[in-house]
Amino acid sequence: MSDAEPAGGVEASRESGITEGEHLLTVRDVDAGYGEDLQILTSVNMFVDEGEYVTIVGPNGAGKSTAMKSVFGLTTHMGGNIVFDGQDITGLAPEDIIHLGIGYVPQSDNVFPSLSVRENLEMGAYILEEVPQDALEAVYDRFPILEEREEQRAGTLSGGQQQMLAMGRALMLDPDLLLLDEPSAGLAPDLVDEMFDRIDVINDDGTAILMVEQNAKEALRRCDRGYVLAQGENRYMDDGQRLLEDEEVRQQFLGG
Amino acid sequence: MGVRDTVNRGRIVAIERPDVFLVWVLGAALVVDLLWGLATGGIAFSTLASNVWDGIMRGLVIGLAGIGLSMTYSILNFANFAHGDYITAGAFAGWSVTYLITGFGEYDLGALVLVGPKSNVTGTIIGIGVVSTPLAVLAGLLVAGAATIALALLVDRYVYRPLRDEGGITLLITSIGVAFALRYLIAFVFDSSTRTTAGTTGNPAVRLNFVDGTVRVSSHDVTLVVVSVGLMLGVHYLLQRTKLGKAMRAMADNEDLARVTGIPTERVVRSTWIIGGGLTGFAGFMLVLWKETIRFNDGWLLLLLIFAAVIMGGIGSIYGAIAGGLIIGIVASTSVIWVPSGLTEATAFLVMILVLLFRPEGIFSGRSTA
C-alpha cells in the first residue's frame, strides 16, 4: 500500500522519508512533551498515506505513545507542525481534531465501564446530530459479539471485548485515520493474533492506521511501513518486512 | 437439612465476623421488640405507620437534595459543601415570590419580599398553602429552581472554574468558604429569625384509618411525593435516555476518555450545574413547604444528613442518593420508638456507619453513576 518508496537502505531512511507530495498525515520536525517543560520528542518526522498501515516501535520510553498523542492534540506542542488532509492541525484540541476524521483509541481505560456497549458506541458519534445507523451496523458486522452484548455494561466485558468496543467506538465516525495505542496490551496471548487480524480488516476496508506496539515483531510483520523511535527521535524508517530483516534493527530493538 | 445449613452458616459468621454477627443479633432483637410491642399494644400500629410516613417525607427531601450533590460530585469530582446553602438560597428566593404573589397589595411589600422577618406577616396569616394558593406555590417552586441554577452557575464561573485543575481538596475547602459567605449573606439580607411559612389554613389533611388509629396525610405531603417522585423519574429518564444524560454518565466514568471521544466537557459541566442546581432549588422549596418553617441555616443543618444519605447510597450514584435518603429519613423518624427524640439524627448516622461496615463502597456503588 505504501507508495512512498523509501530511499535506499536503512541509513538513508533515517531521514523523514517525507516526500514533496501530499500525505494524509505529515508530522514535521515536531517537538512535544507534557506540562510546561517536559520535552519527550525531538524533531520527530512521520507521515501516513491514505489507506496505509504504519506502526511505531521502539524501546520503552522511546516516546512512541507521545508521538501518536501529539497528532491527536494530547501533548504540549513545542515546535514543528502537523498537517492532516491538507489542513494544519498543529495545536488543535482533540475535540476539534475528531471532527476532521482522526479517531484515537487509548491504551487502557478505553471504554466507559458503567455505560452499556451500545451507549459506548453512541458516545463515539457524539459530535453528530443523530447516531449513524449504518456506522452502528458496520461496527456490529465487524464485531458481532458487541451486538450480542449490546445491553451489557462495558465494564463487565472481557479485555479482548473491551478492546473491540474501544475500536468500534472510534470507528463510529468512519475516520480516515485511526490511531491505536498498544492494542495488544493486556490481552491473553491467544487473543493477540485475533486482534491483529481485526486491525488488518479495518485497514483493508480503507482506513489508514497509525499504531504503537510493544509487540514489535508481529506489528512490523503486519504493517506496510514502520518507524523505529528511540529517546524521542527518529531512528529508522522502512517497510515493515525490511525493518524485520535488518541486522542493526534486530540487534538493537527486536532482541536479536 | 435447610435448617441445619442455616445454623451452620450462622455459626461460621459468628466465628469469623463477630461484628457482623453482633449487628444481626441487635437487628433481630429490635424486630422482635417491635413485633412484641405491636402484639401487646405497647406500640400502636398507627404510630409506627405515622413515623414511617414521616420518615418517607423526610427521606424524599433528603434524596431530592442529594441528587444534585451526587451529580456534581461524580462529574466534577469534588464534594460541594456549599450545597446546603444553595438549598437555603433556593428556598428564600422561591418563598419570597410565593409571599409576594399571595400577599401583594394587602401587606407591606418589603416584608413580603424578605419572607416576613417580622412576625405579623407569616405564611399562616397571609394564608399560603398548596390548596389555597396553588399558583403562588408553583411560581415559588419554579423561581427557587431558577434562582439556584443562576447561583450555581455564577459561583462555578467565578470561584470553582478557575480552581478546577487544583484538585479536590482545594475545591472542597473553597466550597466551605462559599458556604459560610452565602449563609451569612442570607442571614444579613433576610434576617436570622425562624418564621412560619405555612400552616393548616391552606393545607388540608386527611386522617386515614390504619388498624388501631389514624395516619395524617396533608396536602403538602402529597405535593412533596408528587414533585419529588416526578423529578426523580425525570432525572432517571434524562440519564438513561438522552444524549446529554449519557454524556454526563460517560464523563463521570472517565473524563479524559470523554474528551478524546469528542464530548464537549465544559458544556456537560455547565449542564450538570443547571440540572443539579435546579433540583437543589426545588428541594429547598419543598423542604420549607413540608416542614412549614424557614431559617437561614436550614440547608446547612440538612447537609450532614444529605452527605450521610449520599455516602451510604454510594457517592456518585443518584439512585444511591434516593435510597440513602429514604433509609436515613425512615431510620430517623422510626427511631423515636426506642430512643429520645434528641437522638434520632445520631441514630441515622449510626445506621450509616453500620451500612458502610457491610458495604464500604455504599449500596449502589459502581451502578449507573452520575
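Is B:R157 buried, exposed or partly exposed? At 39% relative accessibility, B:R157 counts as partly exposed, where buried means under 20% relative accessible area, exposed over 50% and partly exposed in between (1.4 Å probe, protein chains only).

A word on the ground rules. This is a predicted model, in which local features need pLDDT of at least 70 and side-chain atom pairs count only at pLDDT 80 or more, while totals for chains, interfaces and linings use all residues. Residues are numbered from 1 along each chain as its sequence is written, chains are lettered from A and ligands numbered from 1 in the order in which they are written, and side-chain values use heavy atoms, with hydrogens and water left out.

## Surface patches

B:R157 sits in helix α7 (residues 134–160) of chain B. Helices here are DSSP runs (H or I, at least four residues), just as strands are (E, at least two), and they are numbered from the N terminus. Patches are made of residues with over 30% relative accessible area and no salt bridge; like charges are joined within 9 Å and nonpolar side chains (Val, Leu, Ile, Met, Phe, Trp, Tyr) within 5 Å. Lys and Arg count as positive, Asp and Glu as negative, and His and the chain ends are not counted. The place of a charge is NZ of Lys, CZ of Arg, CG of Asp or CD of Glu. Accessible areas come from the Shrake-Rupley method with a 1.4 Å probe, and for residues only the protein chains shown count as cover.

Chain A has a patch of negative charge on the surface, with A:E22, A:E50, A:D85 and A:D134 among its members. The largest share, three residues, comes from α4(A). A:D134 lies in that helix, α4 of chain A, and counts as exposed at 61% relative accessibility.

Back on chain B, B:W24, B:I353, B:L357 and B:F358 make a nonpolar surface patch of about 440 Å². Helix α15 (residues 344–358) of chain B brings the largest share, three residues. B:W24 comes from helix α2 (residues 18–40) of chain B and is exposed, with a relative accessible area of 58%.

## Aromatic pairs

Over all chains, a search of the whole structure turns up 11 aromatic pairs. The rule is simple enough: rings of Phe, Tyr and Trp (its six-membered ring) pair if their centres lie within 6.5 Å, and planes under 30 degrees apart count as stacked, over 60 as edge-to-face and the rest as tilted.

B:F92 and B:F190 form a tilted pair, 4.6 Å centre to centre with 35° between the planes. This one links distant parts of the chain, with B:F92 in helix α4 (residues 83–103) and B:F190 in helix α8 (residues 168–190) of chain B, 98 residues apart. B:F92 is buried at 1% relative accessible area, and B:F190 counts as buried at 15%.

B:W95 and B:F285 are stacked, at 4.7 Å centre to centre and 10° between the planes. B:W95 lies in helix α4 of chain B and B:F285 in helix α12 (residues 265–291) of chain B, so the pair ties together parts that are 190 residues apart in sequence. B:W95 is buried at 0%, and B:F285 is buried at 0% too. Elsewhere, ring pairs link B:F78, B:Y86, B:Y160 and B:W273 into a cluster.

## Salt bridges

The whole structure holds 21 salt bridges over all chains, each being a side-chain nitrogen of Lys or Arg within 4 Å of a carboxyl oxygen of Asp or Glu. Here are some of them.

| Pair | N to O distance |
|---|---|
| B:R249 and A:E119 | 2.9 Å |
| A:E218 and A:R221 | 2.9 Å |
| B:R58 and B:D54 | 3.8 Å |

The B:R249 pair crosses between chains, from helix α10 (residues 243–253) of chain B to A:E119 in helix α3 (residues 117–124) of chain A. B:R249 is buried at 2%, and A:E119 counts as buried at 9%.

A:E218 and A:R221 are three residues apart in helix α8 (residues 216–222) of chain A, so about one helical turn separates them. A:E218 counts as buried at 15%, whereas A:R221 is partly exposed at 47%.

B:R58 and B:D54 both lie in helix α3 of chain B, four residues apart, about one turn of the helix. B:R58 counts as partly exposed at 21%, and B:D54 is partly exposed at 30%. Salt bridges that share partners also join A:D193, A:D197, A:D200, A:E218, A:R221 and A:R222 into one network.
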